[in-house]
Amino acid sequence: TLTPRLALHSTNYDLDRAAGGERRSVTRTIPTFSLDARTELERPVELFGHQLTQTLEPRVRYVRTPYRDQSMLPLFDSAPRDFNQYAIFSSDNNDNAFTGVDRISDANEITMGATSRLLNERGTETLRFGVVQKWLLSDQRLNPNGTEPIKAGLSDMLLLGSTHVIPNWYLDGTVQLGADNQATQQATLGARFSPGAWRTIGATYRYNRDKSEQIEIGWQWPLAGRKPPLQE
């Protein structure tokens with residue numbers, strides 16, 4: 001499928017009081033054009049004596065938003081958008097590198113990615129692997145993380161995978177590799193054991209290079225009462 005899209009980001013500010021350098025009343029309108037191409041291919045495969053369906057789902061997305069100086073506008077709720085599998089393939093209202101509406105980032109970029117899945121005979125996904133990367137065709141002048149423009153070239157690469165091969169176990173992970181040194185910049189690895197309804201134990205490891213390492217543990221398990229129905 002090929003999906004073109006044209007959007008207008010229009011915001012009006014009418015302030016009772018303005019900080020230094022800001023105007024009390026200002027309107028900003030910025031257009032965004034995007035073209036999204038995707039397809040899905042399937043083939044039957046046999047692994048470990050099981051008949052499965054393997055998919056290949058490539059996707060290419062082009063986004064163009066012109067640069068506009070927005071330094072005179074107030075900054076109430078905009079912040080850098082996370083670099084993850086949801087944000088990197090921006091869609092709908094997420095073409096912007098910022099959250100909120102106070103800042104609209106310029107863009108001249110192509111996002112390229114592919115996902116492959118294994119489906120069992122019931123159509124349930126048992127394995128997923130994907131890779132996504134952006135290619136900036138020109139410098140991004142409005143940088144969410146600093147004052148210097150983001151230079152044209154390839155962005156960090158995002159690898160993601162998940163599996164449900166082992167009964168009652170769910171494993172998933174996301175790794176962000178730096179474009180310059182291929183070192184891990186961020187990573188999230190999770191494991192969840194769920195043998196039945198309302199019975200779940202999970203752990204997640206989060207890594208952010210030079211900033212933090214975290215482990216999250218959570219569980220849900222009935223201690224008393226009627227036995228919950230089995231999951232279908």
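Me: Why is the pairing of Lys-134 with Glu-109 called a salt bridge?

Reply: A salt bridge is a side-chain nitrogen of Lys or Arg within 4 Å of a carboxyl oxygen of Asp or Glu. The closest N and O atoms of Lys-134 and Glu-109 are 3.2 Å apart, so the pair qualifies. Lys-134 is in strand 6 and Glu-109 in strand 5, 25 residues apart, and the pair links distant parts of the chain. This is a predicted model, in which local features need pLDDT of at least 70 and side-chain atom pairs count only at pLDDT 80 or more, while totals for chains, interfaces and linings use all residues. Residues are numbered from 1 along each chain as its sequence is written, and side-chain values use heavy atoms, with hydrogens and water left out.

Me: What makes Lys-134 count as buried?

Reply: Buried means under 20% relative accessible area, exposed over 50%, and partly exposed in between (1.4 Å probe, protein chains only). Lys-134 has 15% relative accessibility, so Lys-134 is buried. Over the chain, buried residues make up 33% of the 232 residues.

Me: What makes Glu-125 and Arg-128 a salt bridge?

Reply: The closest N and O atoms of Glu-125 and Arg-128 are 2.8 Å apart, which is within the limit, so the pair is a salt bridge. Glu-125 has a relative accessible area of 25%, so Glu-125 is partly exposed. Arg-128, at 29% relative accessibility, is partly exposed as well.

Me: How do you know that Glu-216 and Arg-206 tie together separate parts of the chain?

Reply: Glu-216 lies in strand 11 (residues 212-220) and Arg-206 in strand 10 (residues 199-208), so the pair joins parts 10 residues apart in sequence. Their side chains meet in a salt bridge, 2.8 Å from N to O. Glu-216, at 36% relative accessible area, is partly exposed, and so is Arg-206, at 34%.

Me: How many helices and strands does the chain have?

Reply: The chain has zero helices and 11 strands. Helices (H or I, at least four residues) and strands (E, at least two) are DSSP runs, numbered from the N terminus.

Me: Why are strand 5 and strand 6 called a pair?

Reply: Two strands pair if DSSP finds at least two bridges between them. Here 11 bridges join strand 5 to strand 6 (residues 125-136), so the two are paired, and they run antiparallel. Their hairpin has five residues between the strands, and Gly-123 there takes a positive phi near 85°. Ala-114 stands opposite Val-131 in strand 6.

Me: What makes strand 7 a partner of strand 6?

Reply: Nine bridges join strand 6 to strand 7 (residues 153-163), so they meet the condition for pairing; they also run antiparallel. The bridge partner of Val-131 in strand 7 is Leu-159.

Me: Which residues is Gly-100 in contact with, leaving aside its neighbours within four places in sequence?

Reply: Gly-100 is in contact (heavy atoms within 4.5 Å) with Asp-77 and Ser-78. Gly-100 lies in the loop between strand 4 (50-65) and strand 5 (107-119). With a relative accessible area of 35%, Gly-100 is partly exposed.
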